[in-house]
Amino acid sequence: KLHSDLDKGVGTVKYTLSGDGAGTVFTIDETTGDIHAIRSLDREEKPFYTLRAQAVDVDTKKPLEPESEFIIKVQDINDNEPKFLDGPYVASVPEMSPVGAYVLQVKATDADDPTYGNSARVVYSILQGQPYFSIDPKTGVIRTALPNMDREVKEQYQVLIQAKDMGGQLGGLAGTTTVNITLTDVNDNPPRFPKSIFHLKVPESSHVGSAIGRIRAVDPDFGKNAEIEYNIVPGDGGNLFDITTDEYTQEGVIKLKKPLDFETKKAYTFKVEASNLHLDHRFHSVGPFKDTATVKINVLDMDEPPVFSKPVYTMEVYEDTPVGTIIGAVTAQDLDAGSSSVRYFIDWKNDVDSYFTIDATEGTIATNELLDRESTAQYNFSIIASKVSNPLLTSKVNVIINVLDVNEFPPEISVPYETSVCENAKPGQVIQTITAADKDLSPAGQRFSFKLSSEASNNPNFTVHDYRNNTAGIETRRNGYSRRQQELYFLPVVIEDSSYPVQSSTNTLTIRVCRCDSDGTIQSCNVEAIFLPVGLSTGALIAILLCIVILLVIVVLYVALRRQKKKDTLMTSKEDIRDNVIHYDDEGGGEEDTQAFDIGALRNPKVIEDNKIRRDIKPDTLRFPRHRPPAEDNRDIRDFINQRLQENDVDPSAPPYDSLATYAYEGNGSVAESLSSIDSLTTEADQDYDYLSDWGPRFKILADMFGEEESYNPDKVT
């Protein structure tokens, strides 16, 4: 209720309300100022409201007092039950846990005001699940209430939990949830065979390694706690069998380790032990976690193939044994109760098997062809035996036949020997040690003997010394041998074996006489080398001289050809005209210092043009004579020399020093024509050689030669 001091109760004051919920949740009487709630309030939705009220004049609409603010609080009542926001719950606890083992903690939430009364005070209790579990009323912790709860008895438990407010008093609101509790497995149970004896029937034809039966021990545990290991207890018949565990079914699989034979033993009895792989030490006191059962196996008789008396048959026969000779026999029996007859035959694979035959009824083996040990020393083939009552049942055995040797080959020298004796050999000297070989298969203790043949028993040059160990030595009988008298000696040696009948052969050794030094080292065994110490034979001397003459003729021919080739290079025709180029090294001397210069290489100008690399010579230091003004009539020569000088100056391949270039016959078609006055188109009358006299005594001879009136002979030019 709102009231203003200015309100005289005459209706001149009007009350207004604004703020949270004004007009929607709360309303005010404008005349009296009474505030009313116009709908239900929920503290959990909004615990308080803030409002503003004011008194205004009805006529002027002006506030009579300042606006005032006030709060309306919603008082809580117990209108909300506790709720398990995380429910339903799932929990687990190991089986056989002690009393009070922790399982799970649950929690309920009450939306009421915990600060006002007991509306939000929650108490927990179990409505369903006793007497197995208990719960703390205040904390909501669930624990086991009974000891040794067994998963194998009951695995799943559903517990109903109640949470009640008002401290659990009468009239309080309550909420519930469900807790599903599972007992987890522990290895508290040993494996147990459902029966003490297992009977199995196994055919005797079962293959080694095959599974012949299964047994199983039951373990109520789960997972790895139920894994079982099976073992055969050592005893009667256990060594023929083995047992393993099927990891999916936990069954014991019995397998065959050795073949069974009904005729040998019809039944086997042994014990099998089953035990857990993973043990829990907390339950050792319960007893041994293993169990034992007896397994009885009855062997079933099956129709089996014949059985040979031996796994391999080995026989011997002499070579050249007559065809049809029996050399041995094989035996196979039918061990079944019916005892059927057996038939034999050879397992043909190649032509070698045709050397023998077998009697189909008796199993005797005989030769079918003549045998030769030197061709084949051993035969290996198979014999098949089958039952008459069931020919499909067969068995096979290997037969090895060794062919024994008959002494039919004489011994011979094992390798060809190159025997030599020194010219300076002494009597009794061993020059060769020989051995023998025999194609026959020599039995143990056989020996070879060596001797000279009867016609050579009195040989004055050599003898044979038998060492009695299958070797012999060739010894000299006299002092010294001469190659000039006899180069080769032939010695027949008889070799005998010790087998029966005795076989012998005569082997001829070739002994060559050689020249040796004082230590016995061979220097030469060739006949051609004899002339070195003793002189040349006539034939050898003629051959050597003939070779020397041939060599001399070849040398002479070669030199003549070289000279002829050189002449052909210098003179190609009778009309060829050359100048002699005279080279002066110093002042004076004149003709005595002249030296002919081979100008053959300069005859062909085309060769000179093609060869761009100049073969100049570095001139020696010259003492130049006093220059005189050249005659005016040698203009062609001067132009030609200047042209060559310019070419040499610009030639990049020319060396950096001055060079002396000499020129010979210029050839036809040359612009400068020939440098020689010989064969020149200009006659002597046209030439004036008087200037040569002005050049000094060195040119006196030339001045006299060219100044004469008679014709000039080129062949006389110096």
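Here are legends for a few views of this protein chain, which is a predicted model.

**View 1. The whole chain, for orientation.** Let's start with the inventory: the protein chain has 37 strands and 5 helices. Of its 718 residues, 32% are buried. Look at contacts with a separation of 6 or more, and you'll find that 65% of them link residues 24 or more positions apart. The chain's accessible surface is about 45,200 Å², and carbon and sulfur atoms account for 52% of that.

**View 2. A nonpolar patch on the surface.** Five names to find here: Leu 541, Ile 544, Leu 545, Ile 548 and Leu 552. Together they give the patch about 440 Å² of accessible area. Zoom in on Leu 545, and you're in helix α2, which covers residues 538-570.

**View 3. An open sheet of 3 strands.** Follow the order β1-β4-β5, and you'll see antiparallel pairing. On the edges sit β1 (13-19) and β5 (68-73), each pairing on one side only. On average, neighbouring strands in this sheet are turned by 30° against each other, direction ignored. As a reminder, strands of a sheet pair through backbone hydrogen bonds, either parallel or antiparallel.

Notes:
Residues are numbered from 1 along each chain as its sequence is written. This is a predicted model: local features need pLDDT of at least 70, side-chain atom pairs count only at pLDDT 80 or more; totals for chains, interfaces and linings use all residues. Side-chain values use heavy atoms; hydrogens and water are left out. Helices (H or I, at least four residues) and strands (E, at least two) are DSSP runs, numbered from the N terminus. Buried means under 20% relative accessible area, exposed over 50%, partly exposed in between (1.4 Å probe, protein chains only). Contact means heavy atoms within 4.5 Å. Accessible areas come from the Shrake-Rupley method with a 1.4 Å probe; for residues, only the protein chains shown count as cover. Patches are made of residues with over 30% relative accessible area and no salt bridge: like charges are joined within 9 Å, nonpolar side chains (Val, Leu, Ile, Met, Phe, Trp, Tyr) within 5 Å. A salt bridge is a side-chain nitrogen of Lys or Arg within 4 Å of a carboxyl oxygen of Asp or Glu. Two strands pair if DSSP finds at least two bridges between them. Axes are lines fitted to C-alpha atoms, for helices over the stretch in contact, and angles run from 0 to 180 degrees between N-to-C directions.
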